[in-house]
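These are notes on the model, written as numbered points. Please read them with the structure open beside you.

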Amino acid sequence: MKSDVSSQTNLTKTLEPLVEGREGYFNLVWRKFRKSRIAILGGIIVLILSIMAIFSDFFSPYDPVKLNMQYGYTPPHRIHFIDAGGKFHFRPFVYKWTRVLDENMFPHWVEDTSQRYEIRLFVRGWEYRFLGLFPATLHLYGVEEGGSIYLLGTDKFGRDIFGRCALAGRISLSMSFFGTIISVAVGSVLGVISGYYGGRFDELMQRFVEFVQSFPQLPLWMALAAVIPPTWDQMTVFVTMSVIFALLSWTLLAREVRGKVLALRETDFILAAREMGASDARIIFYHLYPNTLSHTIVVLTLTIPSIILAESFLSFLGIGIQEPLVSWGVMMREAQTIQTLGFNLWIISPVFFIFLAVLGFNFLGDGLRDAADPYTIV
Amino acid sequence: MSADQDIILEVKNLKKYFPISRGLFRRTAGHVKAVDGVNFFIREGEVLGLVGESGCGKTTVGRTILRLYDPTAGEIWYRKKDGELIEISRISQKEMKPLRREMRMIFQDPYSSLNPRLTVKDIIGEPLIIHGIARGKEVEERVEELMRAVGLDPAYMRRYPHEFSGGQRQRIGLARTLSLSPRLIVADEPVSALDVSIQAQVLNLLQELQERLGLTLLFIAHDLSVVEHVSDRIAVMYVGKLVEMAETGVLLRHPLHPYTEALISAVPPADPDVRLERIVLEGDVPSPANPPAGCVFHPRCRYAQDLCGREEPQLVEVETEHYASCHFAAELRLRGIGGVSE
């Protein structure tokens, strides 16, 4: 009398499902994200900065670590299309800067209009290792032999600031990214477990989170970073600094995720998972954790800029990252005296990069916040 | 009653109280007596409808039976597939796990009972994976079978829940429930969240599957007309207590408890020309945290006497296979569907 489920019922007529196309979580998020122009802009900015950082050698016409004392504190070259004689040239060009002493023996920079140096794209220049793999000499732009092009001027040692800014992006971006990953990993896991189990563990966790959040962030970072011995190698310093930044920022995500889990815990699909005999581990990592991803993504994109700023601040003060490692904050160290800044305003260019990075990630984060929960209509 | 070989599930004096925490130190100020001494049994292959208004404890009964809540007191006896009778109210979750293959639940809300991040295949196949029944390709084949059985095209198994309508989602849930070939299913208001026309579809599906697979069903609902359509016997709950239980036809034509009479009179008859006097209950449903003394229904009962406020009636077999908990069940002439019964 009992037959198996495999035989069909006479109710096989079904309604068409609603939408065509792939409907997984990330597809839905992308579709919603695409609609926000600000978010796309943020994404493009972040992408450009990242590409510049990764391929910084390609973007940099001069070796960013090689000293070049005779060209110290050269101002940024001006790009011309019309020469001193009024003639229009298709190819943009630059003039050489020459230093001239006026009647008071005060140095001025004057353009030497006798010789035009045309800007060329994809030129051969100094040798570097492409992604650390093989040697290469191709650069995005440059000028012919005898001339130079410093788009953002040079620093005290004659190093091209534009090239150094691109290079500095590596440390600034990767450290904030790395620190954020640690922060998010720790915060989200602790948040989910705390929210799921509740009870004493949750109470203890919450008190601990409040304890950590009560610390003044910047002074603590400074104190921890100042303790790093100068003898440590670059890699260790990098990792340690990332961990230090992660130490105080994980609590935000832990709280948010815990809140989301407290709400999710009571939903029917979690009850269904228990009803079918799922283990706690399965419920936590297979059911709850993916459903907190929306919060995690948003906090991730907003933690990155805060660490960029923190790292810049600490490096500016000389704590943490040291030469020969270069980050945007380290470059800012040269801009500390009024005289230097007064004569050589271009020294402050790294600020512009920091500003762009922070703005880009904030736009990205805003767009993601709106897109990250695509089920709200349902 | 427990010796009867046909009985697959028996619940004795089941209680589930939820503590109410008050104050700074979370002292227990009282209890919500969601289920307060419930007794019933279900025979294998039959459908027992459990009716009552919102808050009467019927959902809690269903969840407690499946040990999603731990009972405060009482016994739950289950007869396993091999014939062995075991008491499951106090066993550990680990011991409970193999039993979960035989006793499953259908959930009320099709919108929140499916994980929005998983595909239909993942949702339906999960019980198979948890219990190690199938892996990989086998899961896919089994999910295909199950989808066909509930009337869904297996081509849609890679879709996500939000792409389906409410009725279709409920079918997905049903397929998930059937995945381990259970014997006992607790259906917790399976059609309450659906539109009326879809309700009929899903109910018919449920009935057909129940008959074909010989399933035992505890059908929980608040709508008497829905329950009547599906059930062999009906049990009526009120504020945590079971007030009447009988075979469907008997209960509807010849109710013995005043609350049942009121429920029946609230069901509109199919004939629009017939005008029946509706019994409107005065007052509000009492809070399960503070139930009345004596009979839990007496403040709203039009037949109440002094005795009803003093002494709590027990659920007794007033007539053959017809239980009621009312002091005056034998004397009252209550009105059922066909009018006042003899």
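1. The radius of gyration used here is taken over C-alpha atoms, and the rule for a globule is 2.2 Å times the number of residues to the power 0.38. For 378 residues, a compact globule would come out near 21 Å, whereas chain A has 28 Å. Keep in mind that this is a predicted model. The box filled by the C-alpha atoms of chain A, taken along the principal axes, is roughly 110 × 55 × 35 Å.

2. Some overall figures for chain A come next. The chain holds 13 helices and four strands. Of its 378 residues, 36% count as buried. Among contacts in chain A with a separation of 6 or more, 72% are between residues 24 or more positions apart.

3. Chain A is divided into domain 1 (37-56 + 164-371) and domain 2 (77-149). The C-alpha centres of these two domains of chain A are 39 Å apart.

4. Two hairpins are found among the strands of chain A. Strand E1 (residues 80-82) and strand E2 (residues 88-101) of chain A run antiparallel and are joined by two bridges. In this pair, His80(A) stands opposite Phe93(A) of E2(A). Five residues lie between E1(A) and E2(A), and Gly86(A) in that turn has a positive phi of about 90°.

5. E2(A) pairs with strand E3 (residues 107-130) of chain A in the antiparallel sense, over eight bridges. One of the paired positions is Arg99(A), whose bridge partner in E3(A) is Trp109(A).

6. Phe157(A) sits in the loop between strand E4 (134-143) and helix H4 (161-197) of chain A. Leaving aside neighbours within four places in sequence, its contacts are Leu67(A), Asn68(A), Met69(A) and Gly72(A). Glu145(A) is 12 residues away from Phe157(A) along the chain, and their C-alpha atoms are separated by 21 Å.

7. Turning to chain B, eight strands form an open sheet in the order E6-E7-E8-E3-E9-E10-E12-E11 (chain B), with mixed pairing. Why is one side of E6 and of E11 in chain B left without a neighbour in the sheet? Strand E6 (103-106) and strand E11 (316-319) of chain B stand at the edges and have a single partner strand each, so one side of each has no neighbour there. On average, neighbouring strands of this sheet are turned by 25° against each other, direction ignored.

8. Within that sheet, strand E3 (residues 47-51) and strand E9 (residues 233-238) of chain B run parallel and are joined by four bridges. Here Leu48(B) stands opposite Arg233(B) in E9(B). Helix H5 (residues 166-178) of chain B lies across E6 and strand E7 (184-188) of chain B, and runs at about 175° to E6(B).

9. The assignment for chain B gives domain 1 (7-102 + 182-281 + 316-340) and domain 2 (112-181). Their centres, taken over C-alpha atoms, are separated by 28 Å. Across the boundary, 10 residues of domain 1 of chain B are in contact with 10 residues of domain 2 of chain B. On the domain 1 side, helix H6 (residues 196-213) of chain B supplies the largest share, four residues. By class, that side has eight nonpolar, one polar and one charged residues.

10. Two loop residues of chain B deserve a check of their backbone angles. Arg67(B) is not a glycine, yet has a positive phi of about 60°. Arg67(B) is found in the loop between helix H1 (58-65) and strand E4 (73-79) of chain B. It counts as buried because it has 22 C-beta neighbours inside 10 Å, and 20 or more is the cut-off.

11. Val239(B), also a residue other than glycine, has a positive phi near 45°. Its loop lies between E9 and strand E10 (241-247) of chain B. With 22 other C-beta atoms within 10 Å, Val239(B) is buried.

Technical notes:
Residues are numbered from 1 along each chain as its sequence is written. Chains are lettered from A and ligands numbered from 1 in the order in which they are written. This is a predicted model: local features need pLDDT of at least 70, side-chain atom pairs count only at pLDDT 80 or more; totals for chains, interfaces and linings use all residues. Two strands pair if DSSP finds at least two bridges between them. Axes are lines fitted to C-alpha atoms, for helices over the stretch in contact, and angles run from 0 to 180 degrees between N-to-C directions. Two residues are in contact if their C-beta atoms, placed from the backbone, lie within 7 Å. Domain bounds come from an automatic or database domain assignment. Ala, Val, Leu, Ile, Met, Phe, Trp, Tyr, Cys and Pro count as nonpolar, Asp, Glu, Lys and Arg as charged, and the others, Gly among them, as polar. A residue is buried if 20 or more other C-beta atoms lie within 10 Å of its own, exposed if 12 or fewer, and partly exposed in between; C-beta atoms are placed from the backbone.
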